[in-house]
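Here's a friendly walk through one protein model. Take a look at it first, and then we'll go through a few of its parts.

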Amino acid sequence: FYHVYNRGNNRRTIFFNEKNYVFFLQKIRVQLSPFAEIIAYCLMPNHFHFLLRANEAGLTERNSFGGKPMQELAYRIGILLSSYSQAINNQNRSTGSLFQQKTRAKILSEADFEQCFHYIHQNPAVAHIVKKLDDWPYSSYLDYTGLREGTLCNRKIFYSLTGIGSEQIRQRTLEKIDEKILEKLL
């Protein structure tokens, strides 16, 4: 399992309107779904988080642009961010890097898996973008709590590993995550 995240270069906005969020989610489906199970996500105005489980195809190695071997999933994340950046630069008539140069991918233990899931979903409330997590449409939280029937995430994996249901998800997502655990997630 991986916690994958990145933010806008110099902490700048990366999603400027609803169409940008939807476009990015469509790109995730095309670029990442064949190479990883998407367990959870949250798109914020200036950053994103994914909780992924790489599949066999995602773990295969390929040559990168410099000839160094890299995992297919890492390559696909690069394609996702590059193509999204090009689209946003065209939209905004801008140039240059949209994202910070280094996308982070933290390998998670099973012990940290559930905490990362809740951390990802807490982002809109912690950033004071919404008062209730039910009000943020760019996260898989709505799918896990039964408020939407999204198909991007493989909810079966989460449920089978944790054994918790939607009401427990609501409760646990609202709990504060211990600082020591948080350090392991980032």
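How many bridges pair β1 with strand β6, and in which sense do the two run? There are four bridges, and the pairing is antiparallel. Keep in mind as you read on that this is a predicted model.

Let's start with β1, which covers residues 2-7. Five of its six residues are buried, so the strand is largely enclosed by the rest of the structure.

On the β6 side, the partner strand spans residues 104-107. If you want a spot to look at there, find Val 4, which sits opposite Ala 105 of β6. β1 also pairs with strand β3, residues 47-54. Six bridges hold that pairing, again with the strands running antiparallel. Here you can pick out Tyr 2, whose bridge partner in β3 is Leu 52.

## Where two helices pack

Now for a pair of helices. Two packed helices are described by the angle between their axes and by how far apart those axes are. Helix α4 (residues 110-126) packs against helix α6 (residues 155-162) at about 125 degrees, and their axes lie 11 Å apart. That angle is why α4 counts as oblique to α6. As for handedness, the crossing of α4 and α6 is left-handed.

Which residues make the contact? From α4 come Glu 110, Phe 113, Glu 114 and Phe 117, while α6 brings Phe 158, Leu 161 and Thr 162.

Definitions and conventions: Residues numbered from 1 in each chain as written. Predicted model: local features only at pLDDT ≥ 70, side-chain atom pairs only at ≥ 80, totals over all residues. Heavy atoms only, no water. Buried < 20%, exposed > 50% of the residue type's maximum accessible area, 1.4 Å probe, protein only. Pairing = 2+ DSSP bridges. Axes fitted to C-alpha atoms, helices over the stretch in contact; angles between N-to-C directions. Parallel < 35°, antiparallel > 145°, perpendicular 65-115°, else oblique. Left-handed = near helix turned anticlockwise from the far one by under 90°. Contact = heavy atoms within 4.5 Å.
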